[in-house]
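Visitor: I would like to learn how to read this structure. Could you take me through it step by step?

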Amino acid sequence: MISIKRSLVLVVVSLLVATWATDAATPLAHREVLPNGMVLLVAERPAVAIVAVRVFTRAGAVLDPPDRAGLANLTGATLTRGTAKRSGPELDAAIEFVGGSLEAGAGRDGFTVSLSVLKKDLDLGLDLLQEVVLSPAFPDAEVKRKIGEIQAAIKRSEESPETVAARALAPLVYDRHPYARPIEGTAESVGKLTRDDVVGFYRERVRPDTAIVAVVGAITVAEARAAILRRLGGWKAPANPPPSVPNAPAGPPPQTKQISRDLTQSTILLGRQAVRQIDPDYFPLVVASYVLGGGSASRLYGRVREEGGQAYSVYSYVSPARYGASLVVGAQTRTSEVPKVVDSVRAELDRMTREAVTDRELGLAKAYLIGSFPFRLDTSAKVADFLLAIEAQALGLDYADRYRAGVARVTAADVQRVAAKFFPPDQFNRVVVGKTP
């Protein structure tokens, strides 16, 4: 039975390799640069009644001043709470009346305004989006209210060991780079923010010459171009050039941090810097990470959870961003089992550097990574978000095909090569949140 399953896996992988390694990559959308510097991306999906629109600018938390952590996040949280024409509740009522949604928020690398609406209501939706992008009011009362909400959310998150561990790991991995700071800031840093900070950040950082507009759904390229130019074509960039952000430098020597919490179980995170999607090692690293801790057939799952019964969950993943990337291994276990789990994880990391993956392990990893990829693109909203991501990271509109082809071409030798480079256990920082031994 095992040999039959192994043969089936190899057949599936062979078919995937033949398909994705030889097919010509095709662009996912039309791309053009508008006169004010905005990049317009349009994916025509005639059978989809809902149109998703995204406006992204490079104004994420990486641009927060060091003494104003959380400013981009606060700006995003207050953007839809009022414009020069309408209050926040009036905006909400207008978009909800047609069953649509209009939201805004900031991440590490960018600031996004998101619209989803039926094609018949697109004009209304775009008019509201224009107001939000070009004439936000940032009412002082709303800014203060959001500050309180964000501070309360940050304090609540201190009850989540996973969140506490992730916040502690970031500065160990990224040192003084902006990625070391939490996107939402701290309760103290957010408490110092003012409406003037928000207005200044939006005016200086949210600008058309770093903007990407993605339009996906039952709309043609010509219709999308005309509609966007009519609303955002007059958006002018500031005279000063956009701010630059350095790539994350090599981190300091690995460190270990214990955070004491009176809990019955502990959270363990190991992390180090990795590579972005533009690096040739990225695809082998993604496959290697999946073999290590990507699912129920992974090495960590088999050793730490099934065989040892040492952990409730165990996993690994690669997290790429525009200015850096990380490789993270995590586990949740009983506090008494922490030393055993750490030893087991380190042993499996070390084994990855020494022993080639089996045909079955390689096949399962590639089959999952390729087979699950279409689920990233099964709605207009997901396509729009994907377009923003690949454009923001300069990956090219054929990246969906290149991703699958790149994964399909990974060999066992590739996996062992990148594992030898990225998996030595002594190169990982470690954070443990739980009772101090």
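Visitor: In which hand does helix 10 pass helix 12?

Guide: First, a word on the model: it is predicted, so local features need pLDDT of at least 70 and side-chain atom pairs count only at pLDDT 80 or more, while totals for chains, interfaces and linings use all residues. Residues are numbered from 1 along each chain as its sequence is written, and side-chain values use heavy atoms, with hydrogens and water left out. Helices are DSSP runs (H or I, at least four residues), numbered from the N terminus. A crossing is left-handed if the near helix is turned anticlockwise from the far one by less than a right angle, and right-handed if clockwise. Here, the crossing of helix 10 with helix 12 is right-handed.

Visitor: At what angle do the axes of helix 10 and helix 12 cross?

Guide: Axes are lines fitted to C-alpha atoms, for helices over the stretch in contact, and angles run from 0 to 180 degrees between N-to-C directions. For helix 10 (residues 282–293) and helix 12 (residues 338–354), the angle is roughly 135°, and the axes come within 11 Å. Helix 10 is therefore oblique to helix 12. Angles under 35 degrees count as roughly parallel, over 145 as roughly antiparallel, 65 to 115 as roughly perpendicular and the rest as oblique.

Visitor: Which residues of helix 10 and helix 12 meet?

Guide: Contact means heavy atoms within 4.5 Å. Ala288, Val291 and Leu292 of helix 10 meet Glu348, Leu349 and Met352 of helix 12. Sorted by class, this contact has 5 nonpolar, no polar and 1 charged residues. Ala, Val, Leu, Ile, Met, Phe, Trp, Tyr, Cys and Pro count as nonpolar, Asp, Glu, Lys and Arg as charged, and the others, Gly among them, as polar.

Visitor: How do the axes of helix 10 and helix 16 cross?

Guide: They cross at roughly 85° and come within 8 Å, helix 16 being residues 412–422. That angle makes helix 10 roughly perpendicular to helix 16. Pro284, Leu285, Val287 and Ala288 of helix 10 make the contact with Asp414, Val415, Arg417, Val418 and Phe422 of helix 16. The classes here are 7 nonpolar, no polar and 2 charged.

Visitor: At what angle do helix 13 and helix 15 pack?

Guide: Helix 13 (residues 359–371) and helix 15 (residues 399–408) pack at about 175°, with axes 9 Å apart. Helix 13 is therefore roughly antiparallel to helix 15. Lys366, Leu369 and Ile370 of helix 13 meet Tyr403, Arg404, Val407 and Ala408 of helix 15.

Visitor: How many residues does the largest nonpolar core have?

Guide: In soluble globular proteins, nonpolar side chains tend to be buried together. A nonpolar core is a set of buried Ala, Val, Leu, Ile, Met, Phe, Trp, Tyr and Cys residues joined through side-chain atoms within 4.5 Å. The largest one has 70 residues, and Val53, Val113, Leu129, Val215 and Ile228 have the most contacts inside it. Helix 6 (residues 161–174) gives the largest share of this core, 7 residues. A second, separate core of 66 residues includes Val287, Ala331, Leu397 and Val410.

Visitor: Does Asn73 count as buried or exposed?

Guide: Buried means under 20% relative accessible area, exposed over 50%, partly exposed in between (1.4 Å probe, protein chains only). Asn73 is at 19% relative accessibility, so Asn73 counts as buried. Asn73 is found in helix 2 (residues 71–78).

Notes:
Helices (H or I, at least four residues) and strands (E, at least two) are DSSP runs, numbered from the N terminus.
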